[in-house]
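Thanks for coming, everyone. Please look at the structure first, and then I'll walk you through a few places in it.

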Amino acid sequence: MFQNLSERLSQTLKSIKGQARLTEDNIKDTLREVRKALLEADVALPVVKSFIERVRERAVGQEVSRSLSPGQQFVKIVQQELEATMGEANEGLNLKGSPAVVLMAGLQGAGKTTSVAKLARYLREREKKKVLVVSADVYRPAAIDQLETLAKEVEVDFFPSRSDEKPVDIAEAAIKHARIQFHDVLIVDTAGRLAVDEAMMDEIKALHKSIEPSETLFVVDSMTGQDAANTARAFADALPLTGVVLTKADGDARGGAALSVRHVTGRPIKFMGVGEKVDALEPFHPDRVASRILGMGDVLSLIEEAERTVDRGKAEQLARKVKKGQGFDLEDFREQLQQLKNMGGMGGLLGKLPGMGQMAEMAQGPGPEKELGKLEALINSMTPRERHQPDIINGSRKRRIAAGAGLQVPDLNRLLKQHKQMQKMMKKAGKKGGMQKMMRGMSGMMGPGGMGGPGGMGGPGGMPRR
């Protein structure tokens with residue numbers, strides 16, 4: 001996410017971090033580079049101008065000259081101004097009302113219907129709300145069917161509608177139904193167009209006036225860059241927007257929309273779509289996103305994700321097992337692979353760790369995920385006894401397991417070698433002072449020929465020499 005902008009800014013700010021003194025000259029050069037980086041990231045020009053001016057004012061003022069470490073202070077100013085541009089802090093939804101009505105607006109193809117489902121799941125799971133969804137998109141019967149399918153998937157109620165009905169009538173009937181059934185929240189999906197047009201705006205204005213929603217959220221594709229800001233302006237002029245949902249942020253290497261939309265609409269970005277799955281929706285925290293853009297990671301989001309996705313009972317069970325010296329078998333290994341997938345895979349995990357920008361980029365895409373899939377397929381191809389006692393896996397068993405997974409015997413040998421190394425580390429972790437030894441083992445695996453080098457985790461030089 002935002003790799004290009006992150007790379008450019010990190011490089012630019014690295015040169016000034018080590019400066020003992022900041023002068024008009026070195027600030028001017030750095031600001032010119034920051035300006036270039038923002039324009040290349042497709043940030044709207046008025047936003048860039050305002051941002052650079054605010055940073056310049058603070059950097060050449062007393063704030064930096066009195067600082068013990070002016071270079072680092074300058075980076076801090078850039079981070080704070082990035083946060084201010086995107087909105088200071090996360091703003092939650094206003095869910096007052098019986099039901100609270102959330103109206104979703106945006107262009108066709110922005111990911112509106114999927115965002116309705118993601119938001120419904122978010123409210124059901126994390127806010128513990130009873131949610132009803134309805135589609136007022138009477139121009140695309142497929143959109144109504146799509147929302148019905150998604151509602152089943154995210155386990156929320158769906159209010160049926162037909163393409164021969166009027167959007168206002170559909171929404172009003174859904175509100176009545178929601179009151180009778182005691183739903184906490186009703187989310188209304190609206191029709192999109194390929195471009196902003198008057199008829200579309202008139203229709204959504206009439207719908208808004210009729211149902212008076214608690215929240216009117218503008219859904220925008222972050223990959224459209226400056227166009228996202230222009231569309232946002234058109235919707236903000238027509239509707240009293242209360243917030244923005246930024247979709248496809250995981251595929252946006254530039255970050256222009258994230259930095260422009262708040263400034264243009266004057267409304268906060270409330271949520272960010274970070275993947276295709278129905279659980280890939282995160283509350284938008286400007287401070288955390290600014291931290292990611294500057295290559296400082298996002299440990300808070302990582303902790304929250306771990307708390308949500310990691311099965312605490314299984315983790316404690318594994319810890320007890322390792323402590324008793326019962327070993328770490330292939331069943332446990334498979335469990336760890338599944339937890340990693342739940343946390344967004346290797347790329348998602350590394351992207352939230354400080355200083356892991358480049359490694360996260362390398363781990364994005366199908367390659368690493370495919371490798372994890374191979375390991376899981378091989379373990380699934382084994383009998384329960386083979387998973388618990390890998391030492392019994394001889395030549396004929398290896399051929400059977402590899403064939404069952406559609407892979408080769410060398411793939412299985414690599415898996416068994418990786419498992420042996422993890423087993424050794426787990427054994428160290430279970431002993432007194434074991435955590436330090438385990439971390440030393442991990443650093444050896446991360447070194448040349450380790451996880452990142454030829455031969456993968458089991459490659460030569462994988463474990464440190466004694």
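Let's begin at a loop. Lys-128 sits in the loop between α6 (112–125) and β2. Helices here are DSSP runs of H or I with at least four residues, strands are E runs of at least two, and both are numbered from the N terminus. Lys-128 is not a glycine, yet its phi is positive, about 55 degrees.

Some ground rules. This is a predicted model, where local features need pLDDT of at least 70 and side-chain atom pairs count only at pLDDT 80 or more, while totals for chains, interfaces and linings use all residues. Residues are numbered from 1 along each chain as its sequence is written, and side-chain values use heavy atoms, with hydrogens and water left out.

Another loop, between α5 (70–86) and β1, holds Pro-99. A cis peptide bond links Ser-98 to Pro-99, with omega at about 0 degrees.

Now the sheet. It is open, with eight strands in the order β3-β2-β4-β1-β5-β6-β7-β8, and the pairing is mixed. Two strands pair if DSSP finds at least two bridges between them. Which strands stand at the edges? They are β3 (157–159) and β8 (281–283); each has a single partner strand, so one side of each is left without a neighbour in the sheet. From one strand to the next, the twist averages 25 degrees. Axes are lines fitted to C-alpha atoms, for helices over the stretch in contact, and angles run from 0 to 180 degrees between N-to-C directions.

One pair in detail. β1 (residues 100–106) and β4 (residues 185–189) pair in the parallel sense over five bridges. There, Val-101 has Leu-186 of β4 as its bridge partner.

Helices pack here too. Helix α7 (residues 141–154) touches β2 (131–135), β3 and β4, and its direction makes about 165 degrees with that of β2. Contact means heavy atoms within 4.5 Å. Helix α11 (residues 256–265) lies across β5 (215–221), β6 (243–247) and β7 (269–273), at about 160 degrees to β6.

Next, a salt bridge. Side chains of opposite charge can pair when their charged atoms come close. The rule is a side-chain nitrogen of Lys or Arg within 4 Å of a carboxyl oxygen of Asp or Glu. How many salt bridges does the structure hold? It holds 18. In one of them, Glu-33 meets Lys-36 at 3.5 Å, N to O. These two are three residues apart in helix α2 (residues 24–40), so about one helical turn separates them.

Last stop, helix α20 (residues 395–405), where Ala-405 lies. Ala-405 and Leu-378 are 27 residues apart in sequence, but 5.3 Å apart in space, C-alpha to C-alpha. Leaving out residues up to four places away in sequence, Ala-405 touches Ala-377, Leu-378 and Ser-381.
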